[in-house]
Amino acid sequence: MNASLEHQPPLDLRDLIIDVLRHRAGKDERAAKPHDWYTATVLSLRDKVIDRWMESTRRTYADGGKRVYYLSLEFLIGRLLRDALSNLDLTREMSSALRTFGLDLAALEELEPDAALGNGGLGRLAACFMESLASLDIPAYGYGIRYVNGMFRQRIDDGWQVELPETWLSHGNPWEFDRRESAYRIGFGGEIAEANDGVVWKPAETIEASAVDTPVVGWRGKRVNTLRLWTAHALDPIRLDAFNAGDHVGALENEARADSLVRVLYPADSSAAGQELRLRQEYFFTSASIQDIVRRHTQYEKDIRSLPDKAAIQLNDTHPAVAVAELMRLLVDSHGLEFDEAWDITRRTIAYTNHTLLPEALESWPLPLFERLLPRHMQIIYAINSRVLRDARKAGLDDAAIAAISLIEEGGERRVRMANLAFSGAHSVNGVAALHTELMKVTVFKDLHALYPERINNKTNGVTPRRWLLQCNPGLTRVIRDAIGDAFLDDTEQLQALAKLAGDRELGERIAETKRSNKLVLAEHIAKQTGIRLDPDALFDVQIKRIHEYKRQLLNLIETVALYDQIRSHPEKDWVPRVKIFGGKAAPSYHNAKLIIKLANDIARRVNLDPSVGGLLKVVFVPNYNVTLAERIIPASDLSEQISTAGMEASGTGNMKFALNGALTIGTLDGANVEIRDHVGDENIFIFGLTAEEVAQRRAETYNPREVIENSPELSQAMQAISNGVFSPDDPQRYRDLMNGIYDHDWFMVAGDFDAYTGAQRAVDKLWLDQAAWREKAIRNIANVGWFSSDRTIGEYAKEIWGVM
């Protein structure tokens with residue numbers, strides 16, 4: 001055989017691409033543009049996915065097994081082309097096919113927009129879980145909203161965050177399928193009327209939810225599951241009488257009102273209108289999902305009473321908590337069950353994952369708003385509440401505990417507590433890291449835990465190793481395969497075989513070479529995006545995550561200023577060259593978070609232009625952080641900043657991704673950092689700062705941050721420089737209130753942890769100077785974090801909560 005033909009792809013794939021290009025994209029290959037070839041590539045691959053998708057669905061119905069339904073307001077799935085190719089083991093074949101047309105697969109992958117369906121860890125976790133569900137061959141649907149404009153696209157203008165709409169759907173989405181047959185009516189407002197022996201809700205407004213499906217491919221194509229997203233339409237998209245009367249805009253009001261439900265993720269809720277839109281959004285997607293689940297069950301199983309045996313509904317945080325009341329409504333009003341029987345079925349079907357210990361993040365709604373929009377659900381919630389409070393009274397709980405357990409917050413503005421509803425209506429309530437789960441029992445759910453002591457359990461988060469190692473870091477993957485073989489590709493805990501090679505000099509050098517190559521790629525990208533040039537031999541110190549005061553980007557920035565001062569004051573010292581990389585979005589209405597972004601950029605402008613630091617320190621804020629950007633940054637990172645105030649981060653998953661790619665962690669004993677330390681060993685991680693217990697103790701006692709600041713010269717000098725306008729000469733007062741917040745109360749313990757954090761950073765410097773020791777610790781991190789795979793997490797959910805394995 002001609003050697004040049006040995007590596008040619010099968011003709012069917014090349015022929016399929018051309019057939020799709022001509023007959024579905026409508027382009028001749030001689031005139032096709034890159035975006036045409038991209039579309040043809042996706043649709044050709046999609047054809048292969050569809051066959052497996054249909055086979056998976058048929059097999060599920062034939063087996064008659066239980067399905068998992070995962071309800072989440074976010075699914076941060078990123079790009080899908082590379083993911084699907086990798087999981088179907090078609091990357092090489094597709095690349096070869098495209099080369100015959102003079103095309104580069106990697107270049108076409110860059111044309112795919114990130115799906116704007118999420119914001120941060122919550123949505124990325126949901127995406128990892130969907131991939132692992134398929135990889136473990138568990139039948140599942142993910143349910144969410146098909147956001148047209150996402151949360152926002154971030155642009156940095158003069159250092160300030162500017163929010164622009166995402167436009168990921170402007171040219172369509174070749175991965176999705178409209179499912180017109182799966183459409184449901186969603187009601188709002190109206191009144192309750194008697195009907196036969198029960199009641200009927202007569203909504204004042206009705207919107208249609210219509211399904212759009214995206215296939216989710218598991219590892220090695222074992223199963224293809226469905227991500228079902230809802231889009232909204234008015235029943236009458238245009239009022240022709242109004243239009244013909246000249247009210248051309250008003251005639252479209254109903255369609256615009258429906259469209260508003262699927263436009264933006266997390267619309268600002270600082271106004272009454274914003275609060276109402278959020279509640280309408282959450283009920284819209286939850287009702288459509290629950291109706292779809294019940295419809296499917298009754299269509300194939302007939303008896304609604306067997307629902308808990310065939311369906312496991314998992315609520316991802318409190319956003320879909322109204323599912324408890326919605327399922328009750330359908331069981332009682334539509335299927336005629338008695339309330340107590342419906343309550344038993346609901347509890348056995350639903351499980352709830354909590355993701356926060358912040359009381360303000362445990363959603364609650366003004367009772368008048370809730371009752372106006374969802375009057376029947378309010379009746380049901382009152383009925384549930386009476387049963388829960390009777391249970392509490394029988395259990396001997398005191399009045400304070402009963403008030404805390406109530407689904408209705410009394411006193412002042414009465415509010416409906418969605419977390420309490422989710423907890424009461426679920427048979428399982430899980431935290432997402434060991435520390436978080438224990439804190440749930442003694443803080444936000446202390447009294448509910450006392451009432452239902454068997455309900456809370458832990459399921460530590462995980463990440464899919466396919467995207468976060470194999471796909472984003474192919475160089476490191478090759479090195480690992482050469483070192484220990486391929487077993488880890490199917491079971492990441494097999495990475496432990498690397499531990500005995502941690503001191504191997506050749507392996508350390510190969511991993512370091514791969515890291516430097518990744519840093520060169522990232523440096524090139526950042527130079528194009530920001531104009532800032534980075535030294536790939538410097539230590540890349542990275543904090544990329546949602547901007548929030550508890551995540552303490554501010555602590556990092558203040559330490560950066562202190563380091564800048566020290567480098568200038570002591571040029572004789574052997575300073576380690578550092579690049580401080582920040583990225584993340586601030587909620588549009590979160591003033592302090594947006595101010596922190598501005599501060600990062602102000603510091604960057606000053607430091608990067610100062611010749612006195614001689615390239616020893618660079619600061620960069622990378623705009624519009626998303627999944628694709630994370631896939632570039634994480635493989636190139638040396639140091640992972642996981643520095644949240646202890647007791648405030650539920651878990652984190654970025655910490656796992658960084659460690660899996662060979663970065664060392666500097667962090668507090670918060671969230672999953674605790675378990676990462678337990679797995680990699682104290683000596684292979686930089687832990688600093690107050691514990692969760694110590695933070696709570698300081699807050700309860702008379703903590704004097706001003707005294708702490710005055711006793712720390714480096715901290716005092718850095719804060720004064722920021723407060724006095726050194727980094728904001730155009731507006732010297734810009735950061736005064738931000739600094740005064742630390743002086744006055746320091747709720748997030750920035751001052752309380754500063755000296756410990758600085759000490760940990762200097763320990764990082766010392767280790768970096770011994771590259772052999774650094775490499776050994778990096779290898780030990782990679783070797784020991786295989787446990788943090790979402791496959792392991794989903795396996796635990798499947799066995800211990802859902803009963804599907």
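Two strands count as paired if DSSP finds at least two bridges between them. With that in hand, the tour can start; keep in mind that the model is predicted.

**Stop 1: the parallel sheet**

Select strand E18, residues 578–583, together with E19. The two run in the parallel sense and are joined over 6 bridges.

Next, bring in the helices.

**Stop 2: the antiparallel sheet**

Move to strands E12, E14 and E13, which form an open sheet in the order E12-E14-E13. Here the pairing is antiparallel. Strand E12 (364–366) and strand E13 (408–409) each have a single partner strand, so one side of each is left without a neighbour in the sheet.

Zoom in on E12 and strand E14, residues 415–417: 3 bridges join them. Proline 366 stands opposite arginine 415 in E14.

**Stop 3: aromatic rings**

A pair of aromatic rings is described by the distance of the centres and the angle of the planes. Across the whole structure, a search finds 21 aromatic pairs.

Select tyrosine 143 and tryptophan 230 for one that is stacked, with 6.1 Å from centre to centre and 5° between the planes. Tyrosine 143 lies in strand E2 (residues 140–145) and tryptophan 230 in strand E9 (residues 224–234), so the pair ties together parts that are 87 residues apart in sequence. Are these two residues buried or exposed? Tyrosine 143 has 0% relative accessibility and therefore counts as buried. Tryptophan 230 is also at 0% relative accessibility, so it counts as buried.

For another pair, go to tryptophan 768 and tryptophan 774. Their ring centres are 4.9 Å apart and their planes stand at 85°, so this pair is edge-to-face. Both tryptophan 768 and tryptophan 774 are buried.

**Stop 4: arginines over rings**

Select arginine 67 and tyrosine 61. The charged end of arginine 67 sits over the ring of tyrosine 61, at 4.5 Å from the ring's centre. Then select arginine 455 and tyrosine 452: arginine 455 lies over the face of tyrosine 452, 3.9 Å from the ring centre.

**Stop 5: glutamate 326**

End at helix H12, residues 323–334, where glutamate 326 is found. Glutamate 326 counts as buried because its relative accessibility is 0%, under the 20% cut-off for that label. Which side chain makes a polar contact with the side chain of glutamate 326? That of tyrosine 283 does, at 2.9 Å.

Finally, show what surrounds glutamate 326. Apart from neighbours within four places in sequence, glutamate 326 is in contact with Tyr283, Ser287, Ile290, Gln291 and His377.

Key
Residues are numbered from 1 along each chain as its sequence is written. This is a predicted model: local features need pLDDT of at least 70, side-chain atom pairs count only at pLDDT 80 or more; totals for chains, interfaces and linings use all residues. Side-chain values use heavy atoms; hydrogens and water are left out. Helices (H or I, at least four residues) and strands (E, at least two) are DSSP runs, numbered from the N terminus. Rings of Phe, Tyr and Trp (its six-membered ring) pair if their centres lie within 6.5 Å; planes under 30 degrees apart count as stacked, over 60 as edge-to-face and the rest as tilted. Buried means under 20% relative accessible area, exposed over 50%, partly exposed in between (1.4 Å probe, protein chains only). A charge sits over a ring if NZ of Lys or CZ of Arg is within 6 Å of the ring centre and within 35 degrees of the ring normal. A polar contact is a pair of N or O atoms within 3.5 Å; within protein, one must be able to donate a hydrogen and the other to accept it, and residues adjacent in sequence count only if both atoms are side-chain atoms. Contact means heavy atoms within 4.5 Å.
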